[in-house]
Amino acid sequence: MIFTVAIDGPAAAGKGTISKAVAQDYGLAHLDTGLLYRAVGWRVLQGEAPVAAATALEAGDLSHDDRLRTPEVAQAASEVAVLPEVREKLLDFQRNFARRDGGAVLDGRDIGTVICPDADVKLFVTASAEARAERRFLELEAKGIGVSRAQVLADVQARDARDSSRDAAPMVAAEDAVTIDTTNMSIEAALDRVREIIGLKLQA
Ligand code: C5P
């Protein structure tokens, strides 16, 4: 069975939590495509050129969650993600992952529009910048990363602006995506809605 779920949306809207739960519930493989851009961004911060960094990317680069999930790497990721040549280098890996036997869920910014335009289910998970910044602030605080709320909000807004205004694969809901706004929604309620959408598709 090849069943693909595409989940897009801005940072800290709940994509990651929803993707992991969907993968677990339906036995699908999961790819957090943001990690690819973060790994390229991390290499660039170490001094590599962006396209060379994307070309040199190895599976092991993705397994350093701690060093990839910092605010500095998030900004670097969104800066390299503007470059069409970098996106091109990461395309085949993502498309092959999406086509794996048994099905897959991919989350990112351009999954429903560019990577998997034929995905079986497309979701666009969003929330207000303030709600997302508060969630990200609490996550970073729990990890002991010292940043202010104001700084996290400014970072989220800067990334949103860069991700949605770039020419190459901008962050936008696919025309046939279902939008889920989690600003005032619990994660359980969001998951109920997602399971309902996927259940209907699987029945069809
Ligand atoms: O999802 P995450 O916040 O980890 O993504 C980091 C950055 O990677 C995003 O701000 C975006 O610029 C880029 N990205 C992208 N396309 C994707 C996934 C992430 O451009 N499919």
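Helices (DSSP runs of H or I, at least four residues) and strands (DSSP runs of E, at least two residues) are numbered from the N terminus. Ala-52 is found in helix H3, which covers residues 50-56.

This is a predicted model, in which local features need pLDDT of at least 70 and side-chain atom pairs count only at pLDDT 80 or more, while totals for chains, interfaces and linings use all residues. Residues are numbered from 1 along each chain as its sequence is written, and side-chain values use heavy atoms, with hydrogens and water left out.

## The ligand and its surroundings

The ligand sits in the largest pocket. A pocket is found on a 1 Å grid over the protein atoms alone, as an open set of points with protein on both sides within 12 Å along at least five of seven lines. A molecule sits in a pocket if more than half of its atoms lie within 2 Å of the grid points of that pocket.

Helix H2 (34-45), helix H5 (71-80) and helix H9 (149-165) are the elements that give two or more residues to the shell around the ligand. Of these, H2 gives the most, with 3 residues.

Around the ligand there are 14 residues, and those that come nearest are Arg-38, Arg-87, Asp-110, Arg-159 and Asp-163. A residue is near a molecule if one of its heavy atoms lies within 4 Å of it. By residue class, the shell holds 7 charged, 4 polar and 3 nonpolar residues. Here Asp, Glu, Lys and Arg count as charged, Ala, Val, Leu, Ile, Met, Phe, Trp, Tyr, Cys and Pro as nonpolar, and the others, Gly among them, as polar.

For Arg-87, a polar side-chain atom lies 2.8 Å from a ligand oxygen. For Arg-159, an N or O atom of the side chain is 2.8 Å from an oxygen atom of the ligand. For Asp-163, the distance between an N or O atom of the side chain and a ligand oxygen is 2.6 Å. On its own the ligand has 460 Å² of accessible area, and the protein covers 97% of this. Accessible areas come from the Shrake-Rupley method with a 1.4 Å probe, and for residues only the protein chains shown count as cover.

Arg-87 is placed in helix H6 (residues 84-98). Arg-87 is buried because its relative accessible area is 8%, where buried means under 20%, exposed over 50%, and partly exposed in between (1.4 Å probe, protein chains only).

Arg-109 lies in the loop between strand S3 (104-108) and helix H7 (111-115). With 14% relative accessibility, Arg-109 counts as buried. A polar atom of the Arg-109 side chain is 3.5 Å from the backbone oxygen of Gly-9.

## Positive phi in two alanines

Ala-12 lies in the loop between strand S1 (4-8) and helix H1 (15-26). Its phi is near 60 degrees, a positive value in a residue other than glycine. Ala-12 is buried, with a relative accessible area of 11%.

Ala-169 is in the loop between H9 and strand S5 (178-181). Although Ala-169 is not a glycine, it has a positive phi of about 45 degrees. Its relative accessible area is 16%, so Ala-169 is buried. Met-171 is also found in the loop between H9 and S5, and at 10% relative accessibility Met-171 counts as buried.

## Pairs apart in sequence

Phe-137 lies in helix H8 (residues 129-142) and is buried, with a relative accessible area of 8%. Gly-108 is in strand S3 and counts as buried at 3% relative accessibility. Ala-52 is partly exposed because its relative accessible area is 43%.

The table gives C-alpha separations.

| Pair | Apart in sequence | C-alpha to C-alpha |
|---|---|---|
| Gly-108 and Gly-34 | 74 residues | 5.7 Å |
| Phe-137 and Ala-12 | 125 residues | 9.8 Å |
| Met-171 and Ile-2 | 169 residues | 25 Å |
| Ala-52 and Ser-186 | 134 residues | 41 Å |

Conventions
A polar contact is a pair of N or O atoms within 3.5 Å; within protein, one must be able to donate a hydrogen and the other to accept it, and residues adjacent in sequence count only if both atoms are side-chain atoms. On a 1 Å grid over the protein atoms alone, a cavity is a set of points where a 1.4 Å probe fits but cannot get out, and a pocket is an open set with protein on both sides within 12 Å along at least five of seven lines; lining residues have an atom within 4 Å of a point.
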